[in-house]
Amino acid sequence: MMVLRKLCRTSLSFSVNKIRHFSSKQDPPRILITGGLGQLGVECARYLRNKYGRENVILTDIIKPSMEVANDGPYIFADILDFKGLQKIVVDHRVDWLIHFSALLSAIGEQNVPLAVRVNIEGMHNVIELAKQYRLRIFVPSTIGAFGPDSPRNPTPNVTVQRPRTIYGVSKVHAELLGEYYYHRFGLDFRCLRFPGVISSDPPGGGTTDYAIAIFHDVLRKGHHECYLKPDTRLPMMHVRDALRALSEFLEAPNESLKRRVYNVTAMSFTPEELADKISAHIPELRISYRPDSRQDIADSWPQVFDDSEAKRDWNWKPEVHMDDLVTLMIKEVKEKIAANGF
Ligand SMILES: NC(=O)c1ccc[n+]([C@@H]2O[C@H](COP(=O)([O-])OP(=O)(O)OC[C@H]3O[C@@H](n4cnc5c(N)ncnc54)[C@H](O)[C@@H]3O)[C@@H](O)[C@H]2O)c1
């Protein structure tokens, strides 16, 4: 009888309605970011530290941080393949929210499929069990790469066929489904945004949309960019400022407002040719040439225009950085990077 009562209590406490929600009036959440030294992690830590306090955001990765990152706030080693190590961090630092960034991206994943399976799939198993065990709110980014050639591409709605042809896409569909399953089965507060290509001045991690970052670095340093996609390849994109605001607003959204656990978000869609045109308004001497490689096949199977109307409807998502602002911002930010680091 005692055991039965205990079991009932446990399953009740996992009930969907009882998911904890932090509002700005309560104590700030303690946040752990995995894979934090990639394109999104460092900026994300900065953004969330401004909001919740420096000590409340713990950045982790398996690589050695720069002095700048180490001085910015708490940084510790965490391998997502080491479950016990993750448990220790969550316990020692009293973690409430987990932002799971560790991954091998689309182009890199194709170069090392076994490693992508380990990091993207086994790693996901670890963090989701961890989140369940310690009742964490967990955010996992997905991607336009979670769609494939059978999906409608213009626009791609929130719920549709998902048959990706990259190991990256397969692992992200797996993460989406696993998260939804843990939500329905255990009441886990799983939240997932499908990001388009995220554009920032930091070096990208080996994705198919990276050209939209590389073009600014190349053009500002040497006036010329060789693009690995054809000029008319249309892909959805977003500036990192919008991506991090989306992440933060979505993490704060009350559970009652969320009709689903996985949402598309985007800000714009453009082709390499259209981007080059916009940049040439600032840098008329810009030269661009095209030499498509294997990334073209990946891009050809991905959404061209992403439908994020459900995110707009349910938690008031609204992009702020549109294409003209994006180009102005990137030219300024990349110039500053080049001046500071020489790269
Ligand atoms: N950048 C984008 O355009 C974009 C778009 C859509 C989705 N996303 C998703 O956002 C997340 C972050 O993207 P990003 O661009 O910062 O990626 P990134 O490749 O720049 O960084 C990933 C990080 O994961 C770390 N990592 C690898 N193996 C690990 C392990 N075993 N343990 C712990 N960390 C490990 C790497 O060291 C790296 O710093 C990813 O999950 C990605 O799928 C990114």
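This is a predicted model: local features need pLDDT of at least 70, side-chain atom pairs count only at pLDDT 80 or more; totals for chains, interfaces and linings use all residues.
On the α6 side, the contact is built from V113, A116, V117, N120, I121, M124, I128 and K132. Helix α7 meets them with I167, Y168, S171, H174, A175, L178, G179, Y182 and F186. Sorted by class, the contact of α6 with α7 holds 12 nonpolar, four polar and one charged residues.

Three strands form an open sheet in the order β8-β10-β12, and the pairing is mixed. The edges are taken by β8 (197-199) and β12 (268-270), each with a single partner strand, so one side of each has no neighbour in the sheet. From one strand to the next, the twist averages 45°. In general, the strands of a sheet pair through backbone hydrogen bonds, in either a parallel or an antiparallel sense. Here, strand β10 (residues 235-239) and β12 pair in the antiparallel sense over three bridges. M237 stands opposite M268 in β12.

Helix α9 (residues 240-252) lies across β8 and β10, and runs at about 80° to β10. Helix α9 also packs with helix α2 (residues 41-52), at an angle of about 50° and with the axes 10 Å apart. The helices α2 and α9 are therefore oblique to each other. Their crossing, that of α2 and α9, is right-handed. Helix α2 contributes E43, C44, Y47, L48 and K51 to the contact, while α9 contributes V240, L244, L247 and S248. The residues in this contact of α2 with α9 comprise six nonpolar, one polar and two charged.

Another helix pair is formed by α8 (residues 211-222) and α13 (residues 323-341), which pack at an angle of about 60° with their axes 10 Å apart. This angle makes α8 oblique to α13. The crossing of α8 and α13 is right-handed. From α8, the residues in contact are F216, H217, L220 and R221, and from α13 they are M330, I331, V334, K335 and I338. The contact of α8 with α13 has six nonpolar, one polar and two charged residues.

Attention can now turn to the ligand. There are 26 residues around the ligand, of which G35, G38, A103, V198 and G205 come nearest. The shell around the ligand consists of 13 nonpolar, 11 polar and two charged residues.

Two details of the backbone are also worth a look. Most residues other than glycine have a negative phi, and most peptide bonds are trans. Phi of R94, however, is near 50°, a positive value in a residue other than glycine. R94 is found in the loop between α4 (83-92) and β4 (97-100). The peptide bond from N154 to P155 is cis, with omega near 0°. P155 has its place in the loop between β6 (142-143) and α7.

Definitions and conventions: Residues are numbered from 1 along each chain as its sequence is written. A residue is near a molecule or strand if its C-beta atom, placed from the backbone, lies within 6 Å of it. Ala, Val, Leu, Ile, Met, Phe, Trp, Tyr, Cys and Pro count as nonpolar, Asp, Glu, Lys and Arg as charged, and the others, Gly among them, as polar. Two residues are in contact if their C-beta atoms, placed from the backbone, lie within 7 Å. Helices (H or I, at least four residues) and strands (E, at least two) are DSSP runs, numbered from the N terminus. Two strands pair if DSSP finds at least two bridges between them. Axes are lines fitted to C-alpha atoms, for helices over the stretch in contact, and angles run from 0 to 180 degrees between N-to-C directions. Angles under 35 degrees count as roughly parallel, over 145 as roughly antiparallel, 65 to 115 as roughly perpendicular and the rest as oblique. A crossing is left-handed if the near helix is turned anticlockwise from the far one by less than a right angle, and right-handed if clockwise.
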